[in-house]
Amino acid sequence: MKSGKSSLAAWLHHLDVEVLEQVLAARPDAVAPPQPRSVSELAERLQRPGSVALALPPLPLPALQAAETLAVLSSPVSRHVVADLLGATEGEAARGLEAALQTLFTRALVWPDSEGNLHMASALRRAWDAPLGLDKSLATLLNDATSEELRRILATLGVRPPSTKSQRLATLVEHHTDPARIAEMVARAPADTRQLLERRADPAYRPEVFGAFGVRSVSEPGARWALERGLLVQGRYDYGPAHMPAEVALALRGPGWHAPFDPTPPVPLLAPVTPAEVDSEAASAATAFAAHAASVLSVCATAPPARLKSGGVGARELARLGKAARCEDTVVRLTLETAYQAGLLARDGDRVTTTDAYDTWAEAEPAERLPVLLHAWWTLGLTPSQTRDEDNKTLAALAGTHSCVGCLQARQGLLTAASHLPAGQGAKDAAELGPLTHWSRPLAEVLPQDTTPFATAIREAELLGVLARGALSPIGAALLADSTEELATACDRLLPTATTTARFGSDLTAVVTGTPAARLVTLLDSVAERETSGTASTWRFSPASVRRALDAGRSPDAIQADLAAVAANALPQPLAYLITDTARSHGRIRVTSAACVIHGEEPALLTEIAAHRKLAKLGLRHLAPTVLVSRTPLEKTLTALRAEGYAPVAEAADGTVRVERPRSHRATSSVPTQRTAIGGPGVRSRTTAAPQRAELTALATRLADAPLAQPAPDPRNDAPFATDTEEIIAGHATHLSHTDVRQLAHAVDNDTAITIDYVAASGSRTIRTVSRLELDLPYLYAWCHLRDDERVFTLSRIHGVMPPA
């Protein structure tokens with residue numbers, strides 16, 4: 001027998017041209033450019049693992065079940081063996097198996113040889129870890145066994161072992177292939193061995209693994225008896241659960257056990273529906289979605305939604321778009337995802353904005369707009385209206401998730417399932433299309449948020465007009481056929497042309513039936529507030545909405561003329577009165593921005609100032625003969641006027657003249673609390689808070705009664721302090737001599753200037769002339785002549801004092 005690869009090439013050689021074209025059409029992924037140069041190269045491409053993986057999702061359930069069954073059996077295998085295992089030897093099941101095999105033939109996943117036996121792509125065999133709950137075949141499990149191990153098993157079975165390893169393995173496989181022989185052997189096994197083997201042969205059995213190496217199955221009761229006879233095969237180094245060969249498991253399951261096989265699709269509850277009813281409902285849904293999509297994208301064009309830091313459009317922005325466009329969250333998500341896929345939206349920094357393609361799309365008719373979004377939906381690699389993930393967390397729209405093949409297959413399976421319904425019949429409840437979709441695409445993605453299978457995909461299809469009355473609409477049929485021409489024809493037939501006129505009511509509303517044209521939407525949005533959207537859209541006029549149009553620079557006559565041009569009837573008087581009354585009060589009050597105002601009683605003087613060339617930089621403008629506004633702040637305006645010889649004064653907020661006094665600046669950092677001077681507690685400099693009369697009287701009395709005493713001597717030269725100020729300064733200015741202390745105290749007490757030698761915290765030494773001295777221990781506040789500003793000096797950093805220069 002030829003190998004699988006050679007057999008596939010030989011089978012391809014014998015196909016008719018039309019059949020070969022069907023194979024290539026079913027597996028376009030395997031024959032991508034450059035084109036294969038030979039049938040052998042084509043066969044090699046068709047068997048690649050990646051190609052096989054892409055060919056699996058579109059398979060219906062019977063074909064997938066037949067492929068899983070073939071993965072259990074050794075290739076090649078007879079059709080009768082496959083039919084027996086599936087229980088499809090006659091009737092509807094046999095016909096279903098033949099159809100499933102033809103599907104596999106068409107995709108070159110399985111092919112027959114000249115004798116009618118079935119071969120399977122090796123990559124497809126590896127698609128299942130345990131097909132049908134069965135382990136690998138006996139030949140595969142014992143491939144690494146030694147010849148001596150095979151001899152011992154055959155000897156235990158009472159079979160004379162051949163001389164070579166390959167002969168011994170072939171003899172053992174032939175022995176275990178007979179189900180009756182296996183059943184007889186197990187019947188003679190010990191009770192605990194029978195229980196172990198029956199449990200392991202159950203399709204629901206899952207081995208229990210513990211630790212890094214698993215469980216040694218030899219320790220299981222009855223395992224050794226089965227291992228010695230090849231009914232179980234131990235892993236390498238006797239670690240891990242033992243494997244039961246597929247032949248043994250099938251024999252123990254008995255002749256009455258069959259692999260799952262569902263050749264016929266589930267039949268939903270049906271209800272009669274005419275093509276006219278389907279067309280009517282599909283047209284209504286498609287028209288409503290086209291209008292809502294136009295509204296959502298119009299809002300995105302005027303106020304682009306913001307993106308989250310993690311990416312995508314969050315719930316808050318989705319709610320804003322839905323409120324502005326008057327549609328539900330599902331429609332907003334569906335519109336954003338399909339429009340982005342179609343290139344009508346693009347990420348622009350932290351926003352999602354419309355593109356140049358949107359402008360062209362917005363000007364088109366509804367029948368030309370909708371196919372763009374429908375085609376994007378059909379090819380989208382995700383479910384656009386999915387709102388929750390596996391953890392029930394809210395998902396953002398346009399989050400840039402990875403492409404989901406299962407989501408794409410869910411849509412294709414849904415439309416395929418609907419296409420299989422009998423003519424003139426539709427599902428009584430669209431939710432019943434879910435099981436039928438699963439039969440058409442068993443590998444399709446089922447969202448965690450779906451309470452019934454594929455509920456989200458079904459809802460999307462109904463909103464788009466792809467499904468109507470539980471049946472496939474002409475739009476859905478065109479998508480399923482992947483025909484651009486049919487889709488354009490169906491949309492052109494079902495969707496009305498854009499409405500270019502509105503009917504205005506005396507209740508200050510404008511109603512547009514159908515899908516309004518882009519220019520009509522722009523006009524009404526600029527003058528009125530939208531209230532409803534869908535098959536009929538409503539706008540309401542109000543003083544605020546008309547004022548918005550007037551603020552945009554439009555005149556009341558132009559507004560009335562534009563509305564009259566799109567009116568299906570004469571403009572009602574209430575609307576004309578509203579526009580006229582709003583325009584009459586519009587602009588009576590004007591607001592301008594100004595940094596400051598200049599006013600005076602001499603118009604000629606203000607005219608001169610406004611015309612002054614050197615004052616043009618102030619941005620002066622006349623509001624009245626005696627009033628000018630300036631774009632420059634007050635202080636700079638005052639400086640500029642004074643520089644040109646004028647003598648302005650500043651006004652306070654209450655209109656009084658502001659008196660300008662030089663302000664003493666203070667350090668912004670906090671100053672430590674005053675420490676007690678050497679002379680004892682309560683000694684303060686004369687520059688502290690002024691004493692009250694009562695305090696002075698008490699002080700005089702205390703001084704008169706005090707005994708005569710000499711001041712405390714200077715600890716360095718025994719000279720007494722002449723004043724309290726000297727004593728205070730000496731306690732902090734530790735680097736000063738008694739003479740320097742006396743000079744500094746004299747300057748403080750008599751408010752005279754002095755020059756100090758000061759060392760800053762950075763270590764730099766400077767000579768400063770200071771005046772207006774104030775003590776606030778341990779600091780000295782003074783006006784610095786060098787910096788022309790008030791400064792704070794630390795007394796302990798003053799290293800010398802001298803008369804001012």
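**Entry 1: strands E10 and E12**

I looked up Ala-510 in this predicted model and found that Ala-510 stands opposite Trp-539 in strand E12. I then turned to the pairing of the two strands: E10 covers residues 509–513, E12 covers residues 536–540, and five bridges join them in the antiparallel sense.

I next asked in what order the strands of this sheet lie. The sheet is open and holds four strands, in the order E9-E10-E12-E11, with antiparallel pairing. I noted that strand E9 (503–504) and strand E11 (529–532) each have a single partner strand and stand at the edges, so one side of each is left without a neighbour in the sheet.

**Entry 2: the hairpin of E4 and E5**

I examined strand E4 (residues 345–348) and strand E5 (residues 351–354), which run antiparallel and are joined by four bridges. Within this pairing, I found Thr-353 of E5 to be the bridge partner of Ala-346. Two residues lie between E4 and E5 in this hairpin, and I recorded a positive phi of about 65 degrees for Gly-349 in the turn.

**Entry 3: salt bridges**

How many salt bridges does the structure hold? I recorded 22 salt bridges. I kept in mind that side chains of opposite charge can pair when their charged atoms come close.

I began with Glu-92 and Arg-95, whose closest N and O atoms are 3.0 Å apart in a salt bridge. Both residues lie in helix H7 (residues 91–106), and their spacing of three residues is about one turn of the helix. Glu-92 counts as partly exposed because its relative accessibility is 44%, and Arg-95 counts as exposed because its value is 54%.

I then followed the salt bridge between Arg-493 and Asp-279, where the closest N and O atoms are 3.0 Å apart. Arg-493 belongs to helix H25 (residues 484–494) and Asp-279 to helix H16 (residues 275–302), so the pair ties together parts that are 214 residues apart in sequence. Is Asp-279 buried or exposed? I found Asp-279 to be buried, with a relative accessible area of 17%.

I also looked up Asp-757 and Arg-765, whose side chains meet in a salt bridge at 3.1 Å, N to O. Asp-757 counts as buried at 12% relative accessibility, whereas Arg-765 counts as exposed at 53%. Finally, I noted one network in which salt bridges that share partners join Glu-148, Arg-151 and Arg-152.

Methods. Residues numbered from 1 in each chain as written. Predicted model: local features only at pLDDT ≥ 70, side-chain atom pairs only at ≥ 80, totals over all residues. Heavy atoms only, no water. Pairing = 2+ DSSP bridges. Salt bridge = Lys/Arg side-chain N within 4 Å of Asp/Glu carboxyl O. Buried < 20%, exposed > 50% of the residue type's maximum accessible area, 1.4 Å probe, protein only.
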